[in-house]
Amino acid sequence: MAFEPPPRLVRALGEATRDAATDDWLHRLPELAEEAVARHGLTVERVQVPGGRSSLVVLVRTREGTPAVLKLVPPRSRPDSERAALAHWGGMGAARLLDAADGALLVERLQRDVSVRSLPEAKSMLEAAGTLRRLWVAPPAGHRFETVAERTGRQAEAMAACPDPDARPLVDAALAARDELLGSVPSEGGGLLLHGTFRQSKVLAAERVPWLAVGPDPVVGEAAFDLARLVRDRVEDLIASPSGAAVTRRRVKRLAESLDVDPERLRGWTLFRAVESGVRALRVGRDQDAELLLEFAGWV
């Protein structure tokens with residue numbers, strides 16, 4: 001079958017800073033997918049559409065007839081890092097890695113159309129937080145995962161160059177929060193393996209356990225950094241609510257208490273990550289997303 005990349009993937013890669021390796025990967029993607037299918041002896045069912053923003057997702061069956069997902073990831077999205085994290089978790093809290101080679105990951109298939117986001121608000125947060133807790137483990141010895149300091153350092157440089165004067169106060173506050181947080185890393189729980197891009201839509205229904213996480217962009221650091229992305233889940237609903245600011249502050253407090261995280265550190269990382277995402281949205285012309293994220297950040 002033809003493995004044409006879904007428009008969502010092409011559009012998302014086009015929003016990022018282009019590089020020769022990504023352009024080459026996108027051009028060769030149909031060929032790479034065919035090679036991976038042949039290498040693993042897979043039977044293809046269909047390409048997942050709209051699929052992910054950073055990978056081609058193909059629903060397949062193994063030689064034994066087991067449902068699985070073949071995921072092809074461009075070099076810039078660190079497929080080796082995702083492979084190493086999934087292997088280290090070993091199916092505890094995350095989808096099980098079945099095999100991997102040359103940027104192609106063969107992963108346990110979950111119910112991609114059923115995430116915890118489908119649950120009522122309180123229940124979805126409870127289930128998502130419980131899944132996240134299982135992922136927070138010590139990284140393997142000699143790991144090569146990016147650290148929170150390294151990742152946010154790159155992000156901080158891009159944020160500092162933001163030309164929008166209206167966003168400047170929030171950018172300055174977010175950069176100051178990062179400096180303070182990195183200057184006082186907690187002695188315990190400061191070097192955990194984190195999912196890196198955790199949110200409700202990344203937690204899917206499974207058969208062997210109720211819920212499992214997918215799509216990590218792993219990083220090593222403190223738990224509050226990981227939890228911060230969950231705080232702003234359903235941001236559209238928060239912004240539309242007349243009590244959105246109060247709900248946000250209560251959410252920070254409740255999530256911090258439920259996962260034994262310092263609420264002030266969670267608040268700081270929530271601010272930084274919301275502003276970083278807002279500035280990035282501005283940079284690629286997603287003005288509506290940027291407006292939502294920066295308004296949310298002003299509440300934190």
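1. In this predicted model, helix H4 (residues 121–135) packs with helix H7 (residues 223–231) at an angle of about 160°, and their axes are 11 Å apart. Axes here are lines fitted to C-alpha atoms, for helices over the stretch in contact, and angles run from 0 to 180 degrees between N-to-C directions. H4 and H7 are therefore roughly antiparallel to each other, a term used for angles over 145 degrees.

2. On the H4 side, the contact (heavy atoms within 4.5 Å) is made by Met125, Ala128, Ala129 and Leu132, while H7 contributes Asp226, Leu227 and Leu230. Sorted by class, the contact of H4 with H7 has six nonpolar residues, one charged residue and no polar ones; Ala, Leu and Met are among the residue types counted as nonpolar, and Asp is among those counted as charged.

3. Three strands form an open sheet in the order E6-E8-E9, with antiparallel pairing, where two strands pair if DSSP finds at least two bridges between them. Strand E6 (111–115) and strand E9 (211–213) are the edge strands, each pairing on one side only, and the twist averages 55° from one strand to the next.

4. Two bridges join E6 to strand E8 (residues 203–205), and these strands run antiparallel; Leu204 in E8 is the bridge partner of Ser115. H4 lies across E8 and E9, running at about 55° to E9. Helices (H or I, at least four residues) and strands (E, at least two) are DSSP runs, numbered from the N terminus.

5. Residues are numbered from 1 along each chain as its sequence is written, and side-chain values use heavy atoms, with hydrogens and water left out. Local features need pLDDT of at least 70, side-chain atom pairs count only at pLDDT 80 or more, and totals for chains, interfaces and linings use all residues.

Methods
Parallel < 35°, antiparallel > 145°, perpendicular 65-115°, else oblique.
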